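Subject: The structure, and what turned up in it

Hi,

Here is the structure I promised to pass on. Have a look at it first, and my notes follow below.

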Amino acid sequence: MHSIVITGGTPLNGKVACDGAKNAALPILAGALLTDGASRIWQVPDLADVHTMLDLLSSVGAHVERSDECVYVEASQLTPHVPYELARMMRASFLIMGPLLARLGEAFVPLPGGCAIGRRPVDLHLKGFEAMGATIHMDKGNIQAVAPHLHGADIYLDVPSVGATENIMMAACMAEGTTIIDNAAQEPEIVDLANFLNGAGARIRGAGTSRIKIEGVGCLKGADHTIIPDRIEAATYLVAGAATLGEVRVENVIPTHLTAVLAKLAECGFTIIAENSSIMIKSDTRPKPVSVKTLPYPGFPTDVQAPFASLCSLGTGTSIISETIFENRFGYVEELVRMGANIKVEGPNAIIEGVSRLEGANVQAGDLRGGAALCIAALAAEGTSHVTGVEHIERGYSDLVQKLRSLGAAISYSPDPEERFEVG
Ligand code: EPZ
């Protein structure tokens with residue numbers, strides 16, 4: 001697998017446009033299985049995880065076509081079995097369970113494994129399905145859910161889980177009666193999913209708040225929908241601009257989706273100008289130290305935690321980042337330390353003593369956002385870095401190398417360092 005080669009020290013300058021949000025596209029593509037007609041979905045990002053989701057839809061009988069940024073899904077004939085070899089590639093595969101349960105009254109979905117950032121159970125998803133009348137069995141690592149008659153229920157989520165909120169909301173669209181989800185996640189991607197489903201004939205109210213009400217309907221028709229911009233991608237490029245003392249304008253973004261991140265960047269001392277669909281950041285000094293605590297939306301997003309740690313590594317004092325969502329999301333820290341960062345992880349907290357410079361190094365990405373953090377650190381470091389584990393980064397960032405190069409970065413793909421030294 002190739003690596004990304006970055007020679008740091010160049011301030012990023014210019015403008016970059018965000019793609020559609022990965023974390024909206026994945027549930028919406030799963031939600032297209034609820035419709036017995038044809039849906040056309042625009043601004044679907046060209047990402048590895050999206051490719052996996054499209055393969056999953058096809059594997060359960062949907063007809064899927066893709067042209068440029070539009071995806072066409074026709075889901076009139078479905079089967080309930082999700083293949084392990086596809087489901088194991090991505091946790092979001094589990095989002096197919098709700099739609100299959102609603103359409104077919106049964107679903108056989110492999111239990112998603114944990115991943116680099118934590119155990120990531122699905123107990124809240126299953127608890128919601130059971131409350132709506134499903135019977136759940138575990139069979140050789142597959143979860144079998146059977147519900148000949150899904151009915152509405154009042155469901156309280158112990159944790160405002162994004163995936164559980166989405167899966168339950170999708171199953172409830174066609175349950176008989178009304179479902180209430182309390183302590184629901186409030187992310188913009190959930191609002192986008194609800195907008196798609198309502199466009200297909202669902203009756204969802206309250207998405208974006210902690211209490212969502214879904215009145216079941218008999219069937220959903222196909223719908224046309226445009227995915228919202230990716231707020232996490234936007235945050236990643238803003239942080240990269242700040243870390244390299246540059247001036248970057250991010251376009252195709254909804255600034256109100258990034259209130260917590262923009263507030264923290266302003267607290268770091270950067271100039272930020274937010275307009276209708278763009279945000280400009282200008283940085284001419286190292287960031288001031290800040291305290292960051294990841295929280296469910298509208299709090300500071302856990303997906304921006306790692307990129308922000310790279311920025312704070314170059315701060316003028318001691319910053320503290322607390323990760324409250326996932327139990328193991330500091331895997332990238334030891335790689336930053338190899339670049340000269342001074343970070344100590346103590347339980348859910350990363351204590352970051354800012355340093356005046358980072359040094360390029362060969363580093364390995366272990367997960368999607370940690371990989372982005374390593375790229376940001378490499379862009380700000382002196383010297384050259386080789387970032388391996390590119391497959392993780394490409395799950396969530398399309399055209400990362402091209403977009404950063406368009407901002408002036410000295411960045412390219414290269415054969416894996418080990419490959420370079422293989423004896424011919
Ligand atoms: C979604 O994951 C996102 N993925 C993640 O983005 C994001 O980090 C996360 O939400 C939090 O915002 C997609 O939308 C595809 P959760 P999800 O269920 O739904 C616990 C990225 O980098 N939990 O909100 O899996 C869980 O262990 C990815 O783009 C249960 O205990 O996250 C975690 O501690 C990474 N039981 C917390 O809730 C459950 O049944 C939040 O998880 C479900 C979750």
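A polar contact here is a pair of N or O atoms within 3.5 Å; within protein, one must be able to donate a hydrogen and the other to accept it, and residues adjacent in sequence count only if both atoms are side-chain atoms. Please keep in mind that this is a predicted model: local features need pLDDT of at least 70, side-chain atom pairs count only at pLDDT 80 or more, and totals for chains, interfaces and linings use all residues. Residues are numbered from 1 along each chain as its sequence is written, and side-chain values use heavy atoms, with hydrogens and water left out.

Let me start with the ligand. One of its oxygen atoms sits 2.8 Å from a backbone N or O atom of G163. Side chains take part as well: an N or O atom of S161 is 2.7 Å from a ligand oxygen, and for D303 that distance is 2.6 Å. Of the ligand's own 830 Å² of accessible area (Shrake-Rupley method, 1.4 Å probe), the protein covers 86%.

The shell around the ligand has 22 residues, with D123, L124, S161, D303 and I325 coming nearest; a residue counts as near if one of its heavy atoms lies within 4 Å. At least two shell residues come from each of α1 (22–31), α5 (123–131), α6 (162–172) and α12 (368–380). Helices are DSSP runs of H or I with at least four residues, strands are runs of E with at least two, and both are numbered from the N terminus.

Which domains supply the shell? Domain 1 (3–19 + 229–423) and domain 2 (22–226) each give at least three residues; the bounds come from an automatic or database domain assignment. The C-alpha centres of these two domains lie 31 Å apart.

Now for the strands, which pair if DSSP finds at least two bridges between them. Four of them form an open sheet with mixed pairing, in the order β9-β10-β12-β11. Its edge strands, β9 (154–156) and β11 (204–205), each pair on one side only. Strands β10 (178–182) and β12 (211–215) run antiparallel, joined by five bridges, and D182 stands opposite R211.

There is also a hairpin of β7 and β8, with two residues between the strands, where K140 takes a positive phi near 50°. H137 stands opposite Q144 in β8.

Happy browsing!
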